[in-house]
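Please read the following report alongside the sequence and the coordinates.

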Amino acid sequence: MGRLIAAKDWSATPLGAVRRWSPELVAAINTCLPSRVPMLLWWGPELLQIYNDAYVPTLGDKHPRSLGQPAAECWAEAWADLGPLARKVLDGEGATYSDNHPLLLNRHGYVEETYWTFSYSPVLDRAGEVLGIFVATTDTTRQVLGERRMRALHELAAARGAVDPDAACEAIRRVLGEFTADIPHAEIHVAAESGAAARVMVSGRAEWRDDVVVQPLVASGRPAPIGALVLGISPRRALDTDYRLFLDLVAGQVGQILAHALDYQAERQRAEALARLDRAKSEFFSNVSHEFRTPLTLIAGPAEDALADAAEPLAAGQRERLRIIRRNAGRLGRLVDDLLDFARIEAGRLQPDAVDIDLAALTREVAESFGPAVRRAGLEFTVSAPPLPRAARVDPDMWEKVLLNLLSNALKYTRSGGIELSLLATGDHARLTVSDTGVGIPEDQIPLLFQSFHRVQGSSGRSPEGTGIGLALVHELVRLHGGSVSATSETGVGSEFSVLLPLSDADRAATHRPRGSTVYLEEALRWSAPEPMPSSVGVKDSAVVLVVEDNADMRGFLLRLLEPHWRVLLAADGTTGLRMARTHQPDLVLSDVTTPGLDGFGLVRELRADPATAPIPVLVLSARSGEIDTVEGLAAGADDYLPKPFSSNELVARVRANLELARLRSRESRFRRALVDSLQEGFLVADGRGAVIEINSAFTEITGYPASELPTSWPHPWLFDAEEWPEEHRAQQKAFERFLAESGGQFRIPLRHRKGHRIWVAVSTTTVPDDGGERLFVCTLRDVTAEKLAAERDTTITRFAAVLAAATDVGEVLGSGIAALRLALGVSDAVAAIFSADGAPELVVGDLHQAAREALTAAKSRPVATVLVALSETPGVAAPLGGNDAAVWLGLGTGRLLSAEEEALFGLLSSHLAQALHRARDYERAREVALTLQHAILGPTDLPPGFAVRYEPAVQPLEVGGDWYDVARLPDGRIGVVVGDCVGRGLEAAAVMGQLRSSARALLLRANGPAQALEDLDTFAAQIPGALCTTLFCAVIDPADGTLRYSNAGHPPPVLAHLDGTHELLSERSLPLAVMPGRSRQETKAQLRPGSTLLLYTDGLIERRDVPVLEGIGAAQQLVLDSTALRPSELADRLLAELLPPVGHDDDVAVLVYRHPPPPLALELPALAEKLASMRTDLRAWLARADVTADAAEPIVVAACEAVTNAMEHGYSADPDGRVRVTVRLDGSRVEVVVTDTGRWLTPDPAPRERGRGVRMMRALMDDVVIDSGNNGTTVRMWRRRST
Amino acid sequence: MTAKFIGRDDGEIRTVTVVGEVDVANAGELETALTGAGARIVVELDRAEYLDSAGLRVLFTHARTRRLELVLRRGGGVEQVVTLSGLTEVAAIRYD
């Protein structure tokens, strides 16, 4: 700028020719020009402009026209704003300060939205007249926009939760409509296949450029974009990286909001479909029940007729049969009615036909009609229903149903004691209570009692029959009458059901005769009906059959079926059945599955457990038909199984067959054969010398060795060879030793199948004495290979998943995944790779040889869990790892093939790996976004020399945080530094952080020192919600003399370490921000010494859950002391690498390091070429300590060496004892190297072209070189900037 | 000893690999390694850490009479020195 100013013809301007300029103007220009802070000087009443180099970028294409131009002309577009401010200063009203002031400037060919923090200070003459204005400016556009965009994203995030795409679009439109400065126009296009076709104009008011950005709308969990987002670009902003990132993030948010809305909509549609299905089910149910009634009527009707027919009376036997038919048709009819009622209630179609009746009279009559059943069961029955004061409005049929259901329920579950019914008036209500002394209901079942189809678990009633509908029906019927029903119960003591029914206003009531439904009564009577007596007439066979059946009709029916053939014993429940079986030793047991007390399967188990009853064949009957029952029955040891309904002939045939079989078994010789061969388990008998003398067919099936190869002497062919199968051999050996020691036992061992492969069996062995007194060994064995493999596979998968869970980044996941795969499948050649879009490998773990590469490429785009088998020269398997760009390969080596199980395992493991990889990638993407966001707020990385800063987001949860750092160049050459930590994390904390950061910076630029800055910040922060309790450390460093003035607001103490190994903690007690606004802050001074290192940090660096804070600070301190030879940036990296836990730090971290210029390096070396190498080593170390960047350091080393070489070659060519002195020091932002010798240079140089190369090199490498050569020696002085 | 010079001949091509730092103290060894070479010389500097004008002098001397090819590593201090010295004008440059 100096040259430009000198070159300009000023005489044409009001300032006049340069030599006429006033001393004040010259002084002002001299202050302005050398400064590195952007500065502008307005001079004279026209405010003619003069500015320094640092200010040029601010002007854009206004420069150089703007030099000497009146301010009003240069800033015409903003002068309406700026003019009045300048006017005030000119009028003597003092300096102005504007914070984040918006200005629309045209300096790059378009009107640009910018923000500035600036101050106008008057330049006064001695008389106090204003001569001009100093303008100091900071461009805060980036921060202001960053904060605004953060807010937009934050508000978008809050718009989540819309329940359909239209609402979502509306919510997005509302938010984006507030941010038209960044997004003047937006359109959302949702793809039709996403479930909603929509094209929504979101906001189109503001002007926007012709060009737009189109972003795919992607959402996590969706393979394809759900649509596209068209975003108009602000004509007032260039589409730079920040802007693009912002638009990316907006698209991400919009995608998520829409995806959420679409998901929600889909969910709602599913729910509606389910409700429709439910209605259809009810309707179907109602139709079907209806259809049942016709055939039922046609069964019960003719039966009734036949019984009543006096003209052609039936014989006694036939009458009994027809009574059974009538009774059961009636029962079925009641069930159908109940179900129908229920369906009607659900559909809202059952309305009570209510009349005012004398409820007490009706209740008494119904109760009395049920009386016989209760009394026959040997229970006491008390009915107390005195007349009620008023009538009740009740549907009599429904009330009858309520009463009968409650009574039969009470009877069903009461074995002794009594049942009590009472109906009493309580206020406006009648209360019906039915209590019993029955089994009671478990407490946790009571709330479920009145739910339809719920049956109380585990209680034993007189009959387990029932649909679980009775109480639910009671509940619904009572509810229809505006009443309520409740139950209390105590297990083993009894239950009480209460119905509360409103009384009507009418005091006159009709009496109503109950309809007289006999169905309930008949059914209840059967529960305690007298046993049909087995007769022993006409028995052809002496075999005894025990029938266990709870339904009396069924019992009678079975008795009549079986009686003609065998002697029949009857039992009504499982417990009785078992007792009778033990006493009578029947030849066969025929049992129902659902018998009260002990059920059919339990009975079988009990019978089998007792050696005396174990051989009795058991035939099981069940009404529940289904495979599962069959399996359960046979597993329990039943011999045969017959589902209801069954034909009489079939039952008789089955009983006969089972009796025959049992008879066969009783013949000793065949018994064993039949038993052994009927065994599912393998069976083996060996003699005293270990020779196998008998096996069964199951054994052959399991092991492959046929009975024809017997006898087989020791060692058996299924034992493993010690050399070939050492592990299996050991396992067999161990089991054998245990067997010998214990003469039997149970083992799980491997066996060698006849075909050579390994199988696993569970063996049970025992020793028995033979008839001849010799010992025999008997083994049964079961093939458990599949179980064993499954268990091993589970273990492998669990281990694999654990290994993967510990890995965090993509490389680590692939690394551990490959290692674990090698181990799991026993292969050595394993490779995983991620490919870039052009097919080149981007990340490879393992050796990516040709075969692997081909297979990986083929596999990468397949669906996850696909296994590709390569059978080429290099056989192997490959599987994709998701994302269409990653895959894993296992080389198998020749001669090895994966078994089907191994292949499946590989598929499974690879899909686990794919999942872990997906997780890691998601994580890395999220981390990148968090970092980019934070860095966007934290601003420029252009730091003064000696400084290094780092920011590291928390790993869990991965979010932007509230930590920050700042380095501000102050106008006087000092440097302000701030490190702070806002409470909380996430966008809110980041927004608070952004405000505090720019305020702190502005205050430092303006205020008198750090304490003043903190005091002002206290006041400011008190007004920002969320800023309370922020901690920060604020300091001003003078790089020239090393003074450090600081003030702390509750922040952890910074570390100051000196070159001599001493250190200090800058710890003063202080309060966090805004805790006591208005209170003064303490300011402390510390002294930096040459080479001292200052470390500022946030607590994330030093706080660990299990380590005391002081210890954490101590560790940081020690690292700083150990790293005085590292560059600040290297030190910052080292601190993060060594102090943060290797995985999952949960707090974010900001670190700021400053290295004060070190003391000059002074070397003196003899004129010996071999000393050059060690000189370079010293020089490099010093340059690192002085924070000279790597690209500046090496040229300095070369230049210094050239100078020393010249001194040695020329100065001391004749004087090997001569010494060369090298001094290196920091000179502001430059490095100065001085090389001095006292020798005489040989002149002229014998080969100037070659010899002069060293000097040329120095000039080329350094910014400035001065060579001063005389009789007393030569001094070379060179300078170079510390950074390029 | 701050550097290693490994020379080998393949027909008329002499290849010398330089590992480490070359300055006036050991430039003579580089000279020795190049002595007696044929018409073509390849000097592999991609593993050289440092090269100053003494080393350059040797290379320039040989570039005058032979076809000289240099192998460099991008971005290193050696590349900068070679480029600044003008050696790129008289030698063929190859990057590893």
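Among the elements of chain A, strand β40 (residues 1093-1097) has the highest mean pLDDT, 95, whereas α32(A) has the lowest, 51. Where pLDDT is low, the predicted coordinates should not be read in detail.

Chain B has four helices and six strands, which follow one another from the N terminus in the order β-β-α-β-β-α-β-α-α-β. Of the 96 residues in chain B, 52% are buried, and among contacts in this chain between residues at least 6 apart in sequence, 63% join residues at least 24 apart.

**The interface**

Chain A contributes 21 residues to the contact and chain B contributes 18 residues; between them the two chains bury about 1,700 Å², of which 56% is on carbon and sulfur atoms. Four residue pairs in polar contact, both residues at pLDDT 80 or more, are found across the interface of chain A and chain B. On the side of chain A that touches chain B, at least two residues each come from α30 (1172-1185), α31 (1190-1211), α32 (1248-1251) and α33 (1253-1261), and the largest share, eight residues, is supplied by α31(A). That side of chain A divides into ten nonpolar, two polar and nine charged residues.

**Salt bridges**

Over all chains the count comes to 41 salt bridges, and three salt bridges are found across the interface of chain A and chain B.

| Salt bridge | Closest N and O atoms |
|---|---|
| B:Glu21 and A:Arg1176 | 2.7 Å |
| A:Asp966 and A:Arg997 | 2.9 Å |
| A:Glu1194 and A:Arg1180 | 2.9 Å |
| B:Arg40 and B:Glu69 | 3.7 Å |

A:Asp966 forms a salt bridge with A:Arg997; because A:Asp966 lies in strand β33 of chain A and A:Arg997 in helix α26 (residues 987-1006) of chain A, the pair ties together parts that are 31 residues apart in sequence. Both A:Asp966 and A:Arg997 are buried.

The salt bridge of A:Glu1194 with A:Arg1180 ties together parts that are 14 residues apart in sequence, since A:Glu1194 lies in helix α31 of chain A and A:Arg1180 in helix α30 of chain A. A:Glu1194 counts as buried at 18% relative accessibility, while A:Arg1180, with a relative accessible area of 27%, is partly exposed. These two residues also belong to a network of salt bridges in which A:Arg1176, A:Arg1180, A:Glu1194, B:Glu21 and B:Asp23 are linked.

Within chain B, B:Arg40 forms a salt bridge with B:Glu69, and this pair links distant parts of the chain, B:Arg40 being in strand β3 (residues 40-44) and B:Glu69 in strand β5 (residues 67-72), 29 residues apart. B:Arg40 is partly exposed, with a relative accessible area of 26%, whereas B:Glu69 counts as buried at 12% relative accessibility.

**A buried aspartate**

A:Asp963 is found in strand β33 (residues 963-969) of chain A. Why does A:Asp963 count as buried? The reason is that its relative accessibility is 0%, and the cut-off for buried is under 20%. The side chain of A:Asp963 makes a polar contact, at 2.7 Å, with the side chain of A:Thr1098. Not counting residues up to four places away in sequence, A:Asp963 touches several residues, among them A:Gln934, A:Tyr951, A:Met993 and A:Asp1148.

Notes
Residues are numbered from 1 along each chain as its sequence is written. Chains are lettered from A and ligands numbered from 1 in the order in which they are written. This is a predicted model: local features need pLDDT of at least 70, side-chain atom pairs count only at pLDDT 80 or more; totals for chains, interfaces and linings use all residues. Side-chain values use heavy atoms; hydrogens and water are left out. Contact means heavy atoms within 4.5 Å. Buried area is the accessible area (1.4 Å probe) that two parts lose on being put together, summed over both. A salt bridge is a side-chain nitrogen of Lys or Arg within 4 Å of a carboxyl oxygen of Asp or Glu. A polar contact is a pair of N or O atoms within 3.5 Å; within protein, one must be able to donate a hydrogen and the other to accept it, and residues adjacent in sequence count only if both atoms are side-chain atoms. Ala, Val, Leu, Ile, Met, Phe, Trp, Tyr, Cys and Pro count as nonpolar, Asp, Glu, Lys and Arg as charged, and the others, Gly among them, as polar. pLDDT is the predictor's confidence in each residue, from 0 to 100. Buried means under 20% relative accessible area, exposed over 50%, partly exposed in between (1.4 Å probe, protein chains only).
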